[in-house]
Amino acid sequence: MNDGRDLPMYESKAVSCCSSSPEQEEEISYVNCEGFLAGTIETAIDQVARVKAELTASDKIGSFKARWGVGRMSYAVAPGLYAVGNPTPESPVLVSANYKLSFDSLRKELGGLDLWILVINTKGINVWCAAGKGTFGTAEILRMVAETKLPALVSHRKLILPQLGAPGVAAHRVKAESGFRVIYGPVRAGDLPAFLKNDCKAEPEMRRTTFTFLNRLVLTPVEIVGLLKPLAGLTLAIFLLSSTALLVGGDQYRLLAVIAQTAQILVPFILAALTGAVLAPALLPYIPGRALAWKGWVLGMVLAVILLVGAYSNTSWLLKSAYLLALPAIASFLSLNFTGSTTYTSLSGVVKEMGVALPVMIISASLGAVALIVSFFI
Amino acid sequence: MKYRYLKDVVTLNLDQSKCNGCGLCLEVCPQQVFTIKEGLSSITDRDACMECGACARNCAPGAIYVRPGVGCAYAVLMDKLGIKGKCCGDTCGCTLEGTSDY
Ligand code: SF4
Ligand code: SF4
């Protein structure tokens, strides 16, 4: 993840209005910046591009596409210094990632303020992920401070960083090597105006990551997109099995009957997938237990039982066991995957829970698959 | 509300004898794991730690140890299978992005 090759597609070629480091520009090109710029301002050192402090239609369309995983990796802003409003040498400097969504969520909160934004090159990745990888890091900040001649532009020696950038940045090293003091701002961009007004002091709630019902749901579109492929594969497999069973049985092939059977067998699997990917995240705090795989398994089991005593009560015992084995495993796997979208799971915890959960899932799902296949021929 | 993951798994460690009480670990920790007690930092909510590494990285005297990592099953799985570069911003919803970091 540390060179331009991982970022194959960009929305447009590099454009001259966004200044950036020349050596990076041969490999990376950036989102066309005309949509979010509002002229330039003259400063002691150079012209600086001014950004709009509100989002336009094209920003919103771009965000929507990125959320649904369309060209997600190609959503980068050219690194460099940008102005908001009419900043002076005394104005604060905010540091941000060059992921367009991060940049947008920052600038849309800054209406009416005068300040500088130093966009560093995180290869088009958001602050939190980039900080974990170290691309939102000490070295890149030092490089961009020097490159934009920031010491000559501003009279103070303070940088305001998003708190979530802290895993990648050693504040004391930035200070030692550039003279700039790092101040960690609030977690959410929306709290920035209050933070700035309050003399750069964050209230305790500004420091907390929140993980609300809506946050948990907002993160699921990408997962839903990721589900479509395996579900299509499963549909095809069930369809072929159903067809084969009919032909082997010597019956006349009736497409409608096959489709009906496929749909009937498939529905519980789709419900299990939705249970793991949507329901489990949404109900996260209300499901007993701490491990996510467990939470998903519990819901998957509840689903299986409801189906088997309800709508699927007169299916064969083999199909019933297939559901009992496979549905909890599917829901469990998908909710385990949700660890990537939570705000509180640790690597050690994930490794521990996977060590137990993965073998169980694999065995349970495989047995379920066998039961499913056999059920067609008995 | 504050979530806590599995009990007693994290690698977080604090050596109070090196702490100078600057309080930066409290400031950067997104999970409010530390409290200042009698001028020194102490771990008061260990199970809430998500091993992001922010505290250790920003502790100038080096009083904190944690093995930093991303608590994402997909990333761990890809890593085990030896598949590189498929994470973050690509297929996963990736931590916190939806809570509008900047
Ligand atoms: S950052 Fe380090 S020195 Fe400062 S309070 Fe925390 S543990 Fe102590
Ligand atoms: S690793 Fe992150 S979550 Fe854990 S204590 Fe340190 S700052 Fe807090």
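Let's start with one residue, B:Ser41. Its relative accessibility is 1%, so B:Ser41 counts as buried. The cut-off for buried is under 20%. Keep in mind that this is a predicted model.

Where is B:Ser41? Find strand S3 of chain B, residues 40-43. What does B:Ser41 touch, leaving out residues up to four places away in sequence? The contacts are B:Leu14, B:Gln16, B:Cys19, B:Cys25, B:Leu26, B:Phe34, B:Thr35 and B:Ile36.

B:Ser41 also belongs to the surroundings of ligand 1. Other residues around ligand 1 include B:Leu14, B:Cys19, B:Cys22, B:Cys25 and B:Cys59. Sort that shell by class. You get seven nonpolar residues, four polar and no charged ones.

Now ligand 2. Where does ligand 2 sit? In the largest cavity. Among its neighbours are B:Cys29, B:Cys49, B:Cys52 and B:Cys55. B:Leu12, B:Pro30, B:Val33 and B:Phe34 are there too. By class, this shell has ten nonpolar residues, one polar and one charged.

Most residues other than glycine have a negative phi. B:Asp8 is not a glycine, yet its phi is positive, about 55 degrees. Look for B:Asp8 in the segment before strand S1, residues 13-14. Buried or exposed? B:Asp8 is exposed, because its relative accessible area is 61% and the cut-off for exposed is over 50%.

The second case is B:Gln32. Its phi is also positive, near 50 degrees. B:Gln32 lies in the loop between helix H1 (24-28) and strand S2 (34-37). At 23% relative accessible area, B:Gln32 is partly exposed.

On to chain A. How many helices and strands does chain A have? There are 15 helices and seven strands. Chain A has 378 residues, and 53% of them count as buried. Its accessible surface is about 16100 Å², with 64% of that from carbon and sulfur atoms. Now take contacts between residues at least 6 apart in sequence. In chain A, 65% of these join residues at least 24 apart.

Last stop, helix H5 of chain A, residues 138-147. Which of its residues are buried? They are A:Thr138, A:Glu140, A:Ile141, A:Leu142, A:Met144 and A:Val145. In an α-helix there are 3.6 residues a turn, so residues three or four places apart point the same way. What covers the buried residues of H5(A)? The cover includes strands S3, S4, S5 and S6, plus helices H6 and H7 of chain A. Just after H5(A), A:Lys149 takes a positive phi of about 55 degrees.

Note on methods. Residues are numbered from 1 along each chain as its sequence is written. Chains are lettered from A and ligands numbered from 1 in the order in which they are written. This is a predicted model: local features need pLDDT of at least 70, side-chain atom pairs count only at pLDDT 80 or more; totals for chains, interfaces and linings use all residues. Side-chain values use heavy atoms; hydrogens and water are left out. A residue is near a molecule or strand if one of its heavy atoms lies within 4 Å of it. On a 1 Å grid over the protein atoms alone, a cavity is a set of points where a 1.4 Å probe fits but cannot get out, and a pocket is an open set with protein on both sides within 12 Å along at least five of seven lines; lining residues have an atom within 4 Å of a point. A molecule sits in a cavity or pocket if more than half of its atoms lie within 2 Å of its grid points. Ala, Val, Leu, Ile, Met, Phe, Trp, Tyr, Cys and Pro count as nonpolar, Asp, Glu, Lys and Arg as charged, and the others, Gly among them, as polar. Helices (H or I, at least four residues) and strands (E, at least two) are DSSP runs, numbered from the N terminus. Buried means under 20% relative accessible area, exposed over 50%, partly exposed in between (1.4 Å probe, protein chains only). Contact means heavy atoms within 4.5 Å. Accessible areas come from the Shrake-Rupley method with a 1.4 Å probe; for residues, only the protein chains shown count as cover.
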